[in-house]
Amino acid sequence: MNNSSTTNLMCGVVLTGHGGLDKLEYKTDLPIPSPSSQEVLIRVGASAVNNTDINTRIGWYSKSVTSETNTGASAGFDSANDDDASWSGVPLTFPRIQGADCCGEIIAVGSGVNPNRIGERVLVRALQSPLTGDADFGCITYGSECDGGFSQYATVRDDEAFTVESPLTDAELASFPCAYSTAENMIDRVNVRAGETVVITGASGGVGSAAIQLVKRRQANVIAICSSDKRDQIKAIGADQVISRGTSLIDTLGADSVDVVIDLVAGPQWPELPDILRRGGRYTVAGAIAGPIVDMDVRTLYLKDLSFFGCTYQPRHVFENLIKYIEHGEINPLVSKTFALKDIGVAQRTFMEKKFIGKLVLLPK
């Protein structure tokens, strides 16, 4: 352990409340957490920036906020209500160490954990089961309802730290948990099958670019929607067709033309998505960065026998499968840039500019 551990102190970033970037404070005197009886202590090798970190900081999950995320991404939303500003609708406890992604090494275990786990390289499941189990779609987010990976050391329940055997770096591995499990969960829920045609909105983001790889892994066809300047990069990671954001989907693809829509954007173009689905098609959503309030003709939903899936809760097998894909080399990390943890403000500004593909990773230097 490093010098910080000998004094029982560590560096980390704490969120002090909902609001702007000023609510993120880098501290060098945080106590190193001690694992409880069923927990492990991880020396964090890397974490990553996700939409959920920013959405939580700015209070975007509050029902009183109706605009796109970038509107308040730097300063937060004055209209946000702290009582429902977390993704779960339950008020957060501050200060909170965020960070849904975490890759690292187990360096200590609680009294109820096998000490042979010390030395294991692990990935932490981002969407975790509550202590009561997987029933009734219950879940917690690492770095939201409990402290997460934006620090030098972190604790997590023993059964939520998954051993991973891989030659990839910590930064590369840290790009997987939140984005790829979100994408795999959506794909799993709608049961994407070989030969089907799948539209992915927000295809250049962390979840969208993960979804491209994971859909292609199932031998389905990908139509990706992203900004025109990212077309070549999105094609390079596997998209069969790329449509520039804002282009009419009806004019380009035609009505009743695709089997599945994986939506991470919502916003003003949303009404076209049910129209391009074939009869019996499936729509799945896990984000609304272009705005959560949309117009819908309910007749399209029932007359075309469409199925809609909102995706947050993740059954355990989703992350177990993700670990297998990583270890078998079936998916690739897409790390755009790394930042020192102390530069989290710069990293989040870069994230909000949306000029990159894949993931931005934080290193706890």
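Q: A salt bridge is a side-chain nitrogen of Lys or Arg within 4 Å of a carboxyl oxygen of Asp or Glu. By this rule, to how many salt bridges does the count come?
A: The model is a predicted one, and the count under this rule is 21 salt bridges.

Q: What makes Arg 121 and Asp 170 a salt bridge?
A: The N to O distance between the side chains of Arg 121 and Asp 170 is 2.9 Å. The cut-off is 4 Å, so the pair qualifies as a salt bridge. Arg 121 belongs to strand S5 (residues 121–124) and Asp 170 to helix H3 (residues 170–174), so the pair ties together parts that are 49 residues apart in sequence.

Q: Why are Arg 121 and Asp 170 called partly exposed?
A: The partly exposed class lies between the buried limit of 20% and the exposed limit of 50%. Arg 121 has 22% relative accessibility and therefore counts as partly exposed. Asp 170, at 27%, likewise counts as partly exposed.

Q: What parts of the chain does the salt bridge of Lys 216 and Asp 240 link?
A: The side chains of Lys 216 and Asp 240 meet at 2.9 Å, N to O. This pair links distant parts of the chain, with Lys 216 in helix H5 and Asp 240 in the loop between helix H6 (231–236) and strand S12 (241–244), 24 residues apart. Lys 216 has a relative accessible area of 28% and is therefore partly exposed; Asp 240, with 37%, is also partly exposed.

Q: Are Arg 157 and Glu 160 buried or exposed?
A: Both residues are buried. Their side chains form a salt bridge of 3.3 Å, N to O, and both residues are part of a salt-bridge network that also includes Arg 125, Asp 159, Arg 316 and Glu 320.

Q: How many disulfides does a search of the whole structure find?
A: The search finds zero. Cys 139 is in no disulfide, since the nearest cysteine sulfur, that of Cys 311, is 11 Å away, whereas a disulfide requires two sulfur atoms within 2.5 Å.

Q: Why is Cys 226 called buried?
A: The relative accessible area of Cys 226 is 3%. Buried means under 20%, so Cys 226 is buried. Cys 139, with 17%, is therefore buried as well.

Q: How do you know that the span of helix H4 (residues 177–190) agrees with its number of residues?
A: At 1.5 Å a residue, the 14 residues of H4 should span 20 Å, and the end C-alpha atoms are 20 Å apart, so the two values agree. H4 is mostly covered, 12 of its 14 residues being buried; among these are Tyr 180, Glu 184 and Val 190.

Q: What is the phi of Asn 191, and where does this residue lie?
A: Phi of Asn 191 is near 55°, a positive value in a residue other than glycine. Asn 191 follows H4 and lies in the loop between H4 and strand S10 (197–200). Most residues other than glycine have a negative phi.

Q: Why does Gln 219 count as exposed?
A: The relative accessibility of Gln 219 is 61%. Exposed means over 50%, so Gln 219 counts as exposed.

Q: What makes the protein as compact as a globular protein of its length?
A: The protein has 11 helices and 17 strands. Its radius of gyration is 20 Å, close to the 21 Å that the globule rule gives for 365 residues, so the protein is as compact as a globular protein of that length.

Note on methods: Residues are numbered from 1 along each chain as its sequence is written. This is a predicted model: local features need pLDDT of at least 70, side-chain atom pairs count only at pLDDT 80 or more; totals for chains, interfaces and linings use all residues. Side-chain values use heavy atoms; hydrogens and water are left out. Buried means under 20% relative accessible area, exposed over 50%, partly exposed in between (1.4 Å probe, protein chains only). Helices (H or I, at least four residues) and strands (E, at least two) are DSSP runs, numbered from the N terminus. The expected span of a helix is 1.5 Å times one less than its number of residues. The radius of gyration is taken over C-alpha atoms; the globule rule is 2.2 Å times the number of residues to the power 0.38.
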